[in-house]
2 protein chains.
Amino acid sequence: MATNRSWHLVKRPQGTLGNEHFELRESPAPEPADGQVRIRNLYLSLDPTNRIWTREKDSYMPSVPLGGVMRGLTIGRIDKSRNPALPEGTIVSALGGWEDYSISDGSLLWKIDQPKGIPLSARFALYEHIGTPAYFGLTRVGQLKKGDTVVVSAAAGAAGSLALQMARNLGAGRVVGLAGSASKCKWLTDELGADVAINYKTDDIPKALAAACPNGIDVYFDNTGGPILGAVLDLINMNARIAICGNISSYDADCDQPGPRNLFNLLFKRARMEGFVCFDFAADTAGWAECDAAITRWHLDGKLKYRLDLQQGLENAPTAIGRLFNGTNTGKLVVQIAAE
Amino acid sequence: MATNRSWHLVKRPQGTLGNEHFELRESPAPEPADGQVRIRNLYLSLDPTNRIWTREKDSYMPSVPLGGVMRGLTIGRIDKSRNPALPEGTIVSALGGWEDYSISDGSLLWKIDQPKGIPLSARFALYEHIGTPAYFGLTRVGQLKKGDTVVVSAAAGAAGSLALQMARNLGAGRVVGLAGSASKCKWLTDELGADVAINYKTDDIPKALAAACPNGIDVYFDNTGGPILGAVLDLINMNARIAICGNISSYDADCDQPGPRNLFNLLFKRARMEGFVCFDFAADTAGWAECDAAITRWHLDGKLKYRLDLQQGLENAPTAIGRLFNGTNTGKLVVQIAAE
């Protein structure tokens with residue numbers, strides 16, 4: 001009988017999430033009941049938003065309860081099925097947990113039809129909750145038009161690096177990215193097609209942004225909130241769109257951070273600021289197919305690159321997630337739980 | 001030959017706008033050139049947004065230059081015409097100035113077809129830049145749906161008191177207004193149909209708002225910004241809409257005010273915050289007609305009441321505008337320049 005290792009949230013973080021907040025437990029692998037399937041998890045996605053789920057307060061989804069298995073997005077293979085719609089061997093992504101085996105009744109589970117020429121390990125780097133919000137954030141929330149000036153924060157991050165390239169592919173006139181090191185900035189301009197990259201740790205953000213955007217800002221893909229948002233608000237054009245995808249500047253804070261002092265520019269510029277998560281578009285199957293097709297085409301044409309930060313072993317998940325918040329991570333952070 | 005009195009902005013305000021920032025000058029009334037008309041101004045609208053126009057920095061429209069005639073929305077009668085499309089005697093509203101006579105080439109000028117049973121003096125209390133943003137803010141920006149909980153700040157003000165009643169007329173399930181005195185609050189609940197009125201000066205805003213909105217907030221018609229916006233953000237429902245009509249809490253400030261600490265709730269609730277001014281809808285003639293018709297019907301049915309704060313004499317305009325910022329004003333503030 002197989003053993004299931006699972007990481008449980010045993011303490012709520014005050015600052016950065018790490019080993020001390022989790023406990024690894026072992027139990028017999030669970031058996032599916034009628035209508036259920038068992039998934040052998042292969043890959044676990046680690047994301048800034050995981051930090052939000054560990055707060056005591058509910059956010060856009062319920063908080064993970066203390067003692068519960070830590071929630072995570074996974075890719076796995078169905079290895080036992082008592083649901084005819086989901087036969088054994090099916091590859092799926094799921095809103096599952098940090099564990100070897102998960103039970104599912106088929107909800108919050110999506111069959112994966114992985115395109116040829118793209119490895120399964122890259123799934124989380126290009127599609128799913130990374131590529132989809134980048135695409136919907138730019139096209140739906142951001143209403144990107146040809147010629148627009150687009151700014152992306154955390155642009156060397158998993159979603160940001162895709163949003164940056166997609167903005168270019170979708171016809172933006174000027175693309176500006178912000179990242180936290182010289183080497184990340186070099187990657188944005190030399191390989192991802194950014195016109196300008198700003199190092200938010202060493203550059204004067206308002207000055208650098210104003211210089212980088214001589215015609216103002218039409219679309220801001222916001223992964224960070226904080227001072228960058230304030231600098232953007234000073235430069236928005238009439239009818240600008242701010243798509244709030246994340247707010248990593250506040251994830252580690254015990255309480256909310258002060259908002260921008262110039263929020264009122266939204267009125268002066270008749271601009272819009274809107275939060276979204278990719279699940280909001282789940283019912284839009286045509287949109288989802290359009291998005292997946294665009295990603296595949298761009299990637300196979302060499303116009304949508306990714307970096308994968310692939311860590312090995314479920315046992316290392318709590319250590320690995322720290323990489324998202326201390327700046328050592330570049331590219332999509334994924335833990336490989338088992339061999340394909 | 002007629003004399004034209006005109007108020008010129010001669011000093012930029014640091015705090016509240018008042019007499020010391022203006023100078024009254026006299027000159028012969030101007031003569032229209034070919035294609036132009038001369039308007040005998042009858043009414044001058046005084047509005048919180050006038051304060052924004054006196055800042056050094058441009059806002060949603062250019063700042064009034066030092067020494068220039070103070071800008072204002074006016075209603076007047078064309079008394080000399082060299083433009084066949086605008087014959088003498090036509091009643092118009094215009095983006096004009098604080099003066100007896102204005103010259104216009106027909107741009108930023110709208111013919112008024114005043115409905116029977118409504119006095120011309122009430123034009124600015126029900127229609128134009130007061131009634132129109134209330135209507136468009138609720139229906140277009142706020143996307144008000146039947147049963148929604150709607151909150152309106154500065155709800156005893158000119159636009160707020162209309163937005164409050166319109167929300168009710170448009171089918172809101174619950175309507176909550178915030179105002180700055182017990183008598184204003186009583187007006188909101190006893191005469192304008194608010195379910196609850198909150199005195200923002202004496203009540204604990206977050207507690208009172210939470211008690212007033214047991215099912216959360218779907219639409220916020222924001223006239224104030226500041227702490228009320230923060231309290232609203234804590235209570236917004238999924239896909240809530242915040243229509244930013246004004247931000248009177250910051251108009252008198254020398255610099256921008258801190259933003260709300262919980263702006264990130266826009267992401268958690270996938271909510272939208274959007275600034276607008278009524279001119280944004282100027283090209284939507286069908287929408288404008290729909291709005292005017294709704295206002296007329298509601299008012300004549302007794303479902304859209306207004307209060308008019310009618311002050312006499314152009315010479316009193318700089319004193320009168322202070323009433324908007326010191327809390328003494330209730331209802332639409334209008335200066336009568338000349339008898340109809």
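This is a predicted model: local features need pLDDT of at least 70, side-chain atom pairs count only at pLDDT 80 or more; totals for chains, interfaces and linings use all residues.

Colleague: Good to know. What rotation puts chain A on chain B?
Modeller: A rotation of 180°, with 0.0 Å of shift along the axis, superposes chain A on chain B, and the RMSD is 0.0 Å. That is the relation of a two-fold axis. The same surface serves both copies, as 100% of the contact residues of chain A recur in chain B.

Colleague: Which residue of chain A comes closest to that axis?
Modeller: Gly259(A) does, with its C-alpha at 2.0 Å from the rotation axis.

Colleague: New topic: the core. Which residues touch the most other members of the largest nonpolar core?
Modeller: That core has 124 residues, and the ones touching the most other members are Trp98, Leu209 and Leu266 of chain A and Trp98, Leu209 and Leu266 of chain B.

Colleague: Take Leu266(B). What does it touch?
Modeller: Leaving out residues up to four places away in sequence, Leu266(B) touches Ile244(A), Met273(A) and Gly275(A) from chain A. From its own chain, its partners include Leu233(B), Ile236(B), Ile242(B) and Met273(B).

Colleague: Can we do a helix? What span should helix H9 of chain B have?
Modeller: Helix H9 of chain B covers residues 285-300, so at 1.5 Å a residue its 16 residues should span 22 Å. The end C-alpha atoms are 22 Å apart, which agrees.

Colleague: Which of its residues are buried?
Modeller: In H9(B), the buried ones are Gly287(B), Cys291(B), Ala294(B), Ile295(B), Thr296(B), Trp298(B) and His299(B). An α-helix has 3.6 residues a turn, so residues three or four places apart point the same way.

Colleague: What do those buried residues pack against?
Modeller: They pack against helices H2 (123-126), H3 (128-141) and H4 (158-169) of chain B. Just after H9(B), Gly302(B) takes a positive phi of about 80°.

Colleague: Now Thr149(A): buried or exposed?
Modeller: Thr149(A) is buried, because its relative accessible area is 3%, and the cut-off for buried is under 20%. Thr149(A) sits in strand E8 (residues 149-152) of chain A. Beyond its neighbours within four places in sequence, its contacts include Arg174(A), Cys213(A) and Val219(A).

Colleague: And where is Leu170(A)?
Modeller: Leu170(A) is in the loop between helix H4 (158-169) and strand E9 (174-179) of chain A. At 21% relative accessibility, Leu170(A) counts as partly exposed. Apart from neighbours within four places in sequence, Leu170(A) is in contact with Leu138(A), Thr139(A), Leu144(A), Lys146(A) and Trp298(A).

Colleague: Last one: where is Glu20(B), and what is Glu20(B) in contact with?
Modeller: Glu20(B) is in the loop between strand E1 (3-9) and strand E2 (22-28) of chain B. Setting aside neighbours within four places in sequence, Glu20(B) is in contact with Val10(B) and Lys11(B).

Terms used: Residues are numbered from 1 along each chain as its sequence is written. Chains are lettered from A and ligands numbered from 1 in the order in which they are written. Side-chain values use heavy atoms; hydrogens and water are left out. A nonpolar core is a set of buried Ala, Val, Leu, Ile, Met, Phe, Trp, Tyr and Cys residues joined through side-chain atoms within 4.5 Å. Buried means under 20% relative accessible area, exposed over 50%, partly exposed in between (1.4 Å probe, protein chains only). Contact means heavy atoms within 4.5 Å. Helices (H or I, at least four residues) and strands (E, at least two) are DSSP runs, numbered from the N terminus. The expected span of a helix is 1.5 Å times one less than its number of residues. Copies are superposed by least squares on the C-alpha atoms of residues with pLDDT of at least 70 in both.
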